[in-house]
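This report goes through one protein model, element by element and residue by residue. Please keep the sequence and the three-dimensional view at hand while reading.

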Amino acid sequence: MKNEDRVMRNENQRLEDFQPLSKAANDAKRQFCKECKRTGIRYDAKLLGYPMSYYSGDANTATKKMPAIGTTRWNLKSI
């Protein structure tokens, strides 16, 4: 979604393109993303009480281009 041309143009954005987060949730997401990029290991969502660690892939599925795809941090609505 983030890399879609439509979403990158303000006039084409829709409300469902965004995940509303509180400041605390946004700060936590930023920290998880930093750690994932640094280590190459994705954050385990079960540590936060989610019913699954990832909805796609595993801890080592992170890629440099799209590290968060398949995690609760990428799409909270998928859980």
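## Helix α2 and what follows

Helix α2 has 17 residues, and from its first C-alpha to its last it reaches 24 Å, which is close to the 24 Å expected at 1.5 Å a residue. The residue that follows α2 is G40, and its phi is positive, near 80°. These values, like everything below, are computed from a predicted model.

## The protein as a whole

The protein contains two helices and zero strands. Of its 79 residues, 20% are buried, and the protein exposes about 5900 Å², of which carbon and sulfur atoms supply 55%. When contacts between residues at least 6 apart in sequence are considered, 36% of them join residues at least 24 apart.

## The aromatic pair

How many aromatic pairs does a search of the whole structure find? The search finds one. This pair is formed by F32 and Y43, and it is stacked, with 3.9 Å from centre to centre and 25° between the planes. Because F32 lies in helix α2 while Y43 lies in the segment after α2, the pair ties together parts that are eleven residues apart in sequence.

The two partners can also be described by their accessibility. F32 has a relative accessible area of 16% and is therefore buried, the cut-off being under 20%, whereas Y43, at 28% relative accessibility, counts as partly exposed.

## Cysteines

A disulfide is a covalent bond between the sulfur atoms of two cysteines. The structure holds zero disulfides. C33 is in no disulfide, and the cysteine sulfur nearest to its own, that of C36, is 7.1 Å away; a disulfide would require the two sulfur atoms to be within 2.5 Å. C36 is likewise in no disulfide, with the sulfur of C33 as its nearest cysteine sulfur.

Are these cysteines buried or exposed, or do they fall in between? C33 counts as partly exposed because its relative accessibility is 25%, while C36 is buried, since its relative accessible area is 9%.

S53 has its place in the segment after α2, the helix itself covering 23-39. With a relative accessibility of 17%, S53 falls under the 20% limit and so counts as buried.

Which side chain does the side chain of S53 meet in a polar contact? The partner is the side chain of D44, at 2.6 Å. If the neighbours within four places in sequence are left aside, S53 is in contact with Y43, D44, A45 and K46.

## G57 and G70

G57 also has its place in the segment after α2. Here the accessibility is 51%, so that G57 counts as exposed, for which a value over 50% is needed. Although G57 and G70 are 13 residues apart along the chain, their C-alpha atoms are separated by 6.3 Å.

Terms used. Residues are numbered from 1 along each chain as its sequence is written. This is a predicted model: local features need pLDDT of at least 70, side-chain atom pairs count only at pLDDT 80 or more; totals for chains, interfaces and linings use all residues. Side-chain values use heavy atoms; hydrogens and water are left out. Helices (H or I, at least four residues) and strands (E, at least two) are DSSP runs, numbered from the N terminus. Buried means under 20% relative accessible area, exposed over 50%, partly exposed in between (1.4 Å probe, protein chains only). A polar contact is a pair of N or O atoms within 3.5 Å; within protein, one must be able to donate a hydrogen and the other to accept it, and residues adjacent in sequence count only if both atoms are side-chain atoms. Contact means heavy atoms within 4.5 Å. Rings of Phe, Tyr and Trp (its six-membered ring) pair if their centres lie within 6.5 Å; planes under 30 degrees apart count as stacked, over 60 as edge-to-face and the rest as tilted. Accessible areas come from the Shrake-Rupley method with a 1.4 Å probe; for residues, only the protein chains shown count as cover. The expected span of a helix is 1.5 Å times one less than its number of residues.
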